[in-house]
Each structure stands twice: as structure tokens, then as C-alpha cells.
Amino acid sequence: MIGNRANWKVTILLILGALFILLPLYLTITIAFKTPREMTGNLLALPQSWSIQNFLDAIEMTNFFQALGNSAFVTILTVAVVILTHSLVAYAIARNLHKKFYKFLYFYFISAMFIPFPIIMLPLVKQTAMWGMDNLIGLVILNGVMQLAFNVFIYVGFVKTVPKELEEAAIIDGASTWQVFWKVIFPLMKPMHATVAILTALAAWNDFMLPLVILSDSNQYTLPLVQYAFQGQFSTDYNLAFASYLMAMLPMIIVYIFAQKWIIGGVMRGSIK
Amino acid sequence: MKFSKGLAAITLGTSLLLAGCGGDGGADGEVTLELFSNKSESVDTYKGLIAEFEEQNPDINIKLEAPPEAETVLKTRLTKNDLPDIMSIGGNATYGELAREGVFHDFSDDEVLTNVQSSYVDMLGQLVGPEHDGVYGLPYATNANHVIYNKEKVEELGIEIPTNWDEFVTALEAAKEAGEIPIYFTLQEAWTGMSVWNGVAGNLVADDFAERKNNGEASFVEEYDEVADKMLTLLDYGHSDNFGVGYGDGNNAFATGNGVFYIQGNWAIPEIVKANPDIELGTFALPSNDNAEENDLVSGVDVALAVSDSTDHKEEAMKFIEFMISQETAQTYIEEQKAFSGVEGVFQEDPVFEGIRVNFEEGRLTSFPDHYYPAGMGTENLVQDFLIEKNKDAALQTLDSEWDKVQNR
Amino acid sequence: MVKKKHAFLLMVIPAFVLFFTFHTYPALQGIFYSFTDYKGYGNWDFVGFKNYFNVFQDGRALSAYGFTFQFAIVATILVNIISVLIAIGLNSNIKLRKTLRATYFLPYILSVLIVGYIFKFMFTHLLPQIGQALNIEFLSTNILGNPDLAWLGIVLVAVWQSAAFNTLLYLAGLSTIDDQVYEAASIDGAKPWARFWKITFPLIAPFFTINMVVAMKNFLMAFDQIVALTGGGPGQATESISLLIYRGGFQGGEFAYQSANAVIYFIVIVAISIIQLRVLERREVK
């Protein structure tokens, strides 16, 4: 920025900080490969062998692939639902903000951003169970409702920047409002879709409290919930536990490694809007 | 448009996936029952028993659920009006509350009732209260809240098994002087403090405390003074990080030779032995009373079996209960779990329990004081807090006021 | 034109219905039950404001509020300070910028619960090992077992994880600043410190406002990390409001009572959000 010489002092400080970020992950990986006997020595040492036995045991014990499937199901479906519906809602609101009803709706929806989930938790749990929604589909619907506030907020912000002329041209060509949205606006929203998809996917994948209170059947447990449910059985077998934690985090880490630039870009874009 | 088509495909794909895995396989006449257990220690035992049962009854599947904070989960399920078919839960205040709500099947007219020990049936009945005269749970396993000791160390130190408070303190002192950790505490997990609390209070406080407390005729301040003092005395004989070690780590540590005494229930024994199969353990009742004759063993119903009154598959659930109550199954259970049976004619022969066998034979037993405290008052955290702050008067007053508050709600 | 109106209505009505059913309606139910003695099951009666009076006299609830606010305020401030520092560092002329940026953002993608379990292991086993080796008294025992220090452990985990997202937001803010502004300032001979307060900070102030409000709200909801690290202990030293509502509401059979607590909590949160926005926006204008 000022001068073109690399600032080594700052670089080194940042590298030290990064090591602090990576330390817990280093521990997780090494411990996941160790045997209980190796736990008595230096905890920071590398494992003596890279045996995958802990992972095989953890997969069997926690029924890992089922939980992975549940997490993937909830995450993918939530993202799909959120992108298709929230963008639509935001479009309708953004184009009618001068009308009282839509203005009310806008503030009504985004006010939910200030309402912590625990406030509605107790009645919601009762209600969803009564209506047979204490399952993965129920979870997707609730995710959609809980994320609505933030997503409408950023989609509306985006639609406001889209010039109306584009739509008017389509309308003259005889397109209906629905067609205008799907053919003109929805594709234009692509950068916002990316942001919404990333934030929604992370929230749904890592969520713990909502699945904890909503799901009843342990066959439907998502990955974080499985880690919680097996605490008692992991007991002090930290090697097994950490293998399980690592596997639960791995899908997101892999996605992150490959799509890192895109994810960071998406989140930053969301924040400037 | 490509983008949205892709999304549509994903949506479709996932909904197909859902259709594929939905339903609980009831199509071919099979029944799936949910067995809810509050003990993570017994998961392996239950898995073995379930496999055996399913082999005998190919059209019944049993699904075991043993979540952490099981009582919270069970109450959540009650709030959802979605109780599990079969429940294997502790005989404590939560059991009493659920039974009073009338959500459990009444075993009064069932034949299985004749196979379990009536004294423990009465103990469960007391938790429910006198206004309800049904039998809502079968005492399956009973427990012992005792002091576990490391035999090798006790012999090395030349310690005699104490029978009253003074002897116990002398033994602790001897261990301390020898450079050993006298008692290994695991107070990071609040509930482990209750093993100590119940052991001490069981022999010092009158059995009808809870009843009188509810009527406003008794208080912690008046009757738990000695209990609190003795708790603090025991705490002096702990290790350097009493509140930094949890139950699992504590079992490991004790198994590997840390600590001479370990104040825990019989449920900890299999866990300790798992960590070190070579360890030799012994047990005795916590002698909190100065008078040896007054020192009984604190014992309660560790596992009560209950069946949801509203289950669609009561017949199948009862089949499982009958299987559990059979002599063979009950024997397997107590051998693996190092527990005592609620079933008539099934005895625990493990030499670990040499020291407390006499209590069972002579009926020198007393119940867990805290099973009669209201469930919502969070006693374990209050006790943990007391042990950290060591402020006796404030702690006892808090216990009193929290009790009143919960009663008042 | 009428058709168009209908189309817009059709677009929002389903969302409105769903949102009302699964957000507003439970909230209204909660308010309703807060005036009863409902346990979550069985019968109930109206009890007026009794639950509300009881919350104010409830030591456990008050200590949960105390802990939650102490935690949220300290964590919010720390996260924002650290995030600004990292963001400025990442925005300066450094080597390995992309790799470092990716590393600092990594914690954001991980599950709070699992991160909590990993840190719990570190507090229980690794730190005491190091503390004993180096003879540092307060590190040689598990800090999560000490009621005076346990909350700091939770703060540490919160900062480790949340700094990621806030750093990114500040980076986004910094990237909007034109380099020429700095160049002009350096010609004027402004010292780095003055440069930060006079130029950088005012320009990223809007981001600061949003970050403070969002971070504060998230920390006030703290649940996952507390379940993983301390379960609310030792004693009730780290029981957050969310955890209290969950535990008391279900296990304790205090459905109605905790509903009253939730209503109070809601009022408190709204008040704080409004105050924060007002105060911070005024500073921005200045």
C-alpha cells in the first residue's frame, strides 16, 4: 500500500496468529490417529503410526454415513428452498416498498433478526411436534423461516440496485411478473445467490440448537447432534471422539479448500451490500 | 436459467431420497419399539440383550436411545406428547413426576409384577406419592452409592475398612501422610458431587426430610449442617484439581492408581475395570455417622422399567419387559453392569461387593436423599457451587430458597 | 396491472403465512403461557404476573443474565478489536496474503459445538500439562473448573471462532478505502496511529456498527459453546440465558416460568439493540 516493500513484521505476526488458529485443528488431526496409550505422553507429538482404525470404529459406532446423509439432506434442501423462495419474496417487497403493506412486511420480516431463537423455542417445539414436524423436513421448513429475515434483508438491498428498465423491456415483450422474475431478475441475482447459499449452508450444516430440540428420532440426527449424543459413550476415548469430530468437520473443510476464494468473496460481497 | 434448473434437480433428487428413506419399515408386519435409556454406561449391555431379544422375536425391532442429559430429553419428549414406547430410567424425582402425570402403564394386574422385589416396588411408589396407588415402574436394577477403594493401596497403607466417621477420617489422614491422593474427586461434572452428598446425608438426615420440608416443617439450614461440614472435610482430602476433572477422566485416573478412595456408585466399577482390567477394587458404605450401627448403605432403584401408556404396541412392549425380567436376562444385566437386581432370586456375586453384601442381606439400606428433592431445583449445581465457595450458611440457605421457589411455581 | 398486483401478492403471502405460523405465533403462545402455570404438559391455570415477579427474585435467572451479559460484552469488544487488527494486517503489504486470509476465515466454517469439544480437551489436558511444565499456577489446573475463570475459557473460544467472520467484514470495509487517501495523508506526515483514527476508522465505522450489533446479538444467544465446554458449570457460573430456558423449560417443568423469562429476555435484547444502534450511529455522524 505505502511503498511496495513487503511488510515482514506484520507478516510474521500474522503467521503466528495463524498458528494459533491452526493449533486446535492440528491437535484434532493428530489425536484422531493416535492410540489411547500415546495420550499419556506429549500431547503435541505426532502419532506413531497413521492407522485409520479410530475412524473405522467411529464410523461404525456413530453410524456416520447416516448422519452425513441427514446433514447433507437438510443443508441442500434448505439452500434450495431459501434461494428459490426468499429471492422471490424479496423481489416482490423491493418493488413495492412504496406501498404500506409491503413496507410493513419488510420491517415485520427483518425485525426477526433481533429475536433470539430461545424466545420462541418452547412453544415452537410443542407446536412442531404436534403437527408431526419433528423430523428433517420440519427442520428444513424451520430453517427457511429462521433465515428469512437476513436473506430478505440482503436480497432487497440487491434488488434496489437493479434498474427497472430491464424489467420494463421484458414487460413490453409480453412477459408476466412471474416470467420477469424468473427470466430477468433471478439470473441477475446470481452473486447474491452465492452469498445466501454459502451463509445458509454453513448455518444449516453447523446448527445444533434447532436440531437438538426439534428432532426426536436418533436416526435423523445431524452431524453436530451425533457428536453431542455420543459424548457419554466416547467417555475418555478421545482418539475415537476426535476421529468422529474430524469426520464431522471434514466435508466443510474440503469444500472450503476447493472453493475458498469463492466462499470468502461471497461473504464479503454480502457484507458490503 | 441453468442455475435454477440445477436447483430444481437437486430439490427433486432430495425429495426422492426422502421418499425412499421415509416410514419405519412397518410394511412387512415388523414393529419397531423405542427403548429410551438414561444411562450411557449400559449401552453395550442393552445392545447385546436387544440382539438376543430380536433373534427370539424376529418381527420386533428395538431401537435404543441413550442421549446425554437424558432427563431433559425425556421431559422434552413429554412436552411434545411423544414418549418412547419403553423407558429404562432412574428411580428419582423425574420418575415420580412422570408417573404422577399418568403417562406410564400401570403394572398392577400384570404377572411380571410378582417377579420383582416388593420392597423396591414400594420405594418407587413413594416417589410417586400416596395419592396414586398404581405400579408405574418395575424395579429392574438397584444400585449402591458407596466408597470404592483401591485394594492394593489400602493394603499397602495398612488401612482398616472404616465403619464410622472417625475411622474414615483417620484412614484418609493415613493416605494423605503417605503421599497418596486420599479421595479422587471428579467435580467438574456436578452430578458426581451428589454421590458424595447422598452418601453423607443418607446416614445423617432423617428419611422424611423431604415430606417435612414440603410442609414447611424442616429446612436445610437446620438439618444439613453436619452434612455440609463433613462434605467440606472430605473435600480437604482431594487432589489439586478437584473441579477440573470430569467423570470419564476420573474413572481413568482412579483406574491407573490415582487416589485410594473414590466415592461413586456401583455403575462406575465397570468403567474403571474397562480402563484397567488388572485393578483390584473393594467397596464399603460411606460411614458418615459417628456411630457405626447407624451407617447404612445408600441404595435406590437405578433402573426402573416403564411402558408408555399411549404406545401403539403395548403387547410387544410387554413382551420385551417379560424378556428383561426373566432370570437369565436379569443375571446377564447385573453381571455386566455390576449392579444389583430388582428381580427376585437374582444375586450379585462379584467379590468387589464383599464389603456391602451384608447390607443387602440384613436390609441395612437407606434411600437416596436427593431422589425426593424437586427435580427443577438443580441441586447438583448448587452442591457443586457450595463445594467451590465453601460458604456453608449461604449454600444451605440457597438450597432452602430454591426448593421453596420451585414448589411455589 | 391488476394481474401484476396479484402476482406480487402471491409471491409474499405464502412466506407471510409460514413466517407468522412458525415465528410470530409461537412468540404469541409464549407470551400467553407466561401468564399461566403450565408445565409443558397436563393442566394449567392463569397466574397473572406471578412468573414475572418470580424471575426478578430468582437468583439463578439473575446470575444467568449477569454471566450472559458479561460474556457477551467482553467477547464483542475483544472480537471487534482483534478483527480490526487482523483486517488491517491482512490489508497491508504482506506476503502470503491469500493463504493467511484463508486461514483466518477457517474457524467460521466449523461447528461451534465441535470446536467447543476440542477446546474443552485442550483446557482439560493440554493447558494443565503446559502449565505444570512451566510452573504457571493458574494454568496448571483446568480453568473450566474454576468459577472465576471458566467464563474466560468460553470467551477465548468465542473470539477464536467469531473473529473470522468479523475480520472479513472489516476487510470488506477496508477494501472500499481508496489508497490515494492514505498517500495524501502520508505526504502530510500523519503517523500510523493518527492515520488509523483519522482516516481508517471513520471510513469503516458503518461496518463497526453492524459488527458490534450482530456480534453482541450472537453472543447473547450463546448456547452451543457452553453446552460443549462447561454445561453451565461449575455451579451455575456459566449458565447462559438460552441454556437456562432450555433446561428449566423442559427438564424442570417450568414451561410457563421460562416463557416469562423469555419475554423479559426479548425486551432486554430489543432495548439493547436499539441503544447500540443509536449510540453507534451518532458517533458515526460525528
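Mentor: First, a helix here is a DSSP run of H or I with at least four residues, a strand is an E run of at least two, and both are numbered from the N terminus. The expected span of a helix is 1.5 Å times one less than its number of residues. This is a predicted model, where local features need pLDDT of at least 70, side-chain atom pairs count only at pLDDT 80 or more, and totals for chains, interfaces and linings use all residues. Residues count from 1 along each chain as its sequence is written, while chains are lettered from A and ligands numbered from 1 in the order in which they are written.

Trainee: OK, how far does helix α7 of chain B reach from its first C-alpha to its last?

Mentor: α7(B) covers residues 165-177, so 13 residues, and at 1.5 Å a residue 18 Å is expected. The model comes close to that, with a reach of 18 Å.

Trainee: What is the phi of Gly179(B), after α7(B)?

Mentor: Gly179(B) follows α7(B). Its phi is positive, near 85°.

Trainee: Zooming out, how far apart are the centres of the two domains of chain B?

Mentor: An automatic or database assignment sets the bounds: domain 1 is 25-142 + 301-342, and domain 2 is 145-298 + 367-408. Taken over C-alpha atoms, the centres of domain 1 and domain 2 of chain B are separated by 28 Å.

Trainee: Which helix gives the most to domain 1's side of that contact?

Mentor: Contact means C-beta atoms, placed from the backbone, within 7 Å; 12 residues of domain 1 of chain B and 11 of domain 2 of chain B take part. On the domain 1 side, α4 (93-100) and α5 (118-128) of chain B each supply at least two residues. The top contributor, with three residues, is α4(B).

Trainee: How many charged residues does chain A bring to its contact with chain C?

Mentor: That contact joins 65 residues of chain A to 72 of chain C, and helix α13 (residues 238-272) of chain A gives the largest share of its side, 12 residues. Here Ala, Val, Leu, Ile, Met, Phe, Trp, Tyr, Cys and Pro are nonpolar, Asp, Glu, Lys and Arg charged, and the others, Gly among them, polar. Chain A's side has 50 nonpolar residues, 14 polar ones and, for charged, one.

Trainee: How many charged residues are on the side of chain B that touches chain C?

Mentor: Chain B puts in 25 residues and chain C 29, with α3(B) giving the largest share of chain B's side, six residues. That side has five nonpolar residues and 11 polar ones, and its charged residues number nine.

How values were computed. Two residues are in contact if their C-beta atoms, placed from the backbone, lie within 7 Å.
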